[in-house]
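Subject: Structure handover

Hi,

Here is the structure I promised to pass on.

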Amino acid sequence: MALREAVVCVGDAGINGLATVRSLGRRGVPVRVVALKGSPQIASASRYCGGLTEVAQPGSLHEALRKLSARAERPPVLFIDNDSMMKTLEAHAAELRVRFRVVDPIGRAARLTDKAYQLRIAAQAGIAVPRSWFPQSWFELRHLSGETGKRLIAKPSPARIAKAGFKALIAGSSQELEARLRGVGAAAEDVIVQEFIEGDDAQIHVGLCYRARHGGRTFVLSARKLRQTQAGAGVMAVGEATDMPLVREMTQRLADALDLRGVLSTEFKLDPSDGRFYFIEWNPRPAYFQSLGWKSGFDLAWLAYCDHAGPARLAEIDSTPAKHYWINLQGDLLHLAKAPRKAFDPSTWKPYFGPTQWSVFAADDLAPWARAVRQMTAWLSA
């Protein structure tokens, strides 16, 4: 397979992009990172990053990519690791498809990241969804407790997520939820409100899926969260690969319903009270924890690269479900800072002594870890 350059557009966190850079760089693929000035840029510190292009603001992203493609001998493979950049580039999707081998469905970014659309497609696919509301005023939000006896969870709507100061808020009533939203400066129309599916973080299951453009194969890995940065509503801090056929089947069902060729990362929650999986969300791009699959031979970035640069290689790729862990140390410290009693529970530390894939640390690539440690030290001392 003739290697093409890969260009990775990296968002603020950098962990997702770092996984793509390492995946491809270790296989000899030349990789360039495009990132916003002032972002942590963990990915660009990697020894496997062959170059860095910084842009001052998202609006400059298209022009930077246009210049990069003009210098390339062949269209590079383009990865985008976050929703914000996908939506910024949506208007230029047709041009980018000429200049690059585009992995992520940027031409459908707004639709695919719309929560109402996601819930509708999941329901049509026969997957249970939590009751959901899109309040347009405080008056509408205040009356939600009269419609349900369950706790509520509010998440930023796609149109407002860029300015949101929170990932999710959980409350026992609509009145409490209003107070919490006002406390973070959010308005009622900024959020989607859902019935909270009870159960701890370990009831949250995820699917990492690649549906190939060539050959018709679909690759799916199942996993689950063990701890999130915020208990009940956060991003994965500690997780494990699992063998959950139903999670894989639901994920493929969604990819098929969307006729999506490429990456789809899904999330479901198992309700202990009725034994049903409820759809939470999907992302039409690699998940933040995409490197969780590596110890099972499941590598989203490499699957996507082969699909675009050497489809024949897809037939040689296989993955085997194998139990192992994934740890984002800073995220786990954030979780334990909010739940300090867990630090005294021996089971909390089991993933640290099992077969583990670290989100940042890698013996062959220490610079991103050193940069992350400096950032974490600054965070701990703040």
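Which residues lie nearest the centre of the second largest pocket? They are Ala202, Leu226, Arg227, Lys342 and Ser347, out of 17 lining residues. A pocket is an open set of points on a 1 Å grid over the protein atoms alone, with protein on both sides within 12 Å along at least five of seven lines; lining residues have an atom within 4 Å of a point.

Before going on, note that this is a predicted model: local features need pLDDT of at least 70, side-chain atom pairs count only at pLDDT 80 or more, and totals for chains, interfaces and linings use all residues. Residues are numbered from 1 along each chain as its sequence is written, and side-chain values use heavy atoms, with hydrogens and water left out.

Back to the second largest pocket. Its space comes to about 350 Å³ (the volume filled by probe spheres set on the points, which are joined across faces, edges and corners). Strand 11 (residues 218-228) gives the largest share of the lining, three residues. Strands (E, at least two residues) and helices (H or I, at least four) are DSSP runs, numbered from the N terminus. By class, the lining has nine charged, five nonpolar and three polar residues (Asp, Glu, Lys and Arg are charged; Ala, Val, Leu, Ile, Met, Phe, Trp, Tyr, Cys and Pro are nonpolar; the others, Gly among them, are polar).

Next, the cavity. The structure holds one of 30 Å³ or more (a set of points where a 1.4 Å probe fits but cannot get out). The largest cavity has a volume of about 40 Å³. Lys115, Leu119, Lys155, Ile192, Gln194, Ile280 and Glu281 line it.

Tyr117, Ile121 and Ala122 of helix 6 meet Leu254, Ala257 and Leu258 of helix 9 (contact means heavy atoms within 4.5 Å). That contact has six nonpolar residues, no polar and no charged ones.

Finally, helix 1 (residues 15-25) and helix 10 (residues 300-309) pack at about 60°, axes 8 Å apart. That makes helix 1 oblique to helix 10. Thr20, Ser23 and Leu24 of helix 1 touch Ala301, Trp302 and Tyr305 of helix 10.

Best wishes

Note on methods. Axes are lines fitted to C-alpha atoms, for helices over the stretch in contact, and angles run from 0 to 180 degrees between N-to-C directions. Angles under 35 degrees count as roughly parallel, over 145 as roughly antiparallel, 65 to 115 as roughly perpendicular and the rest as oblique.
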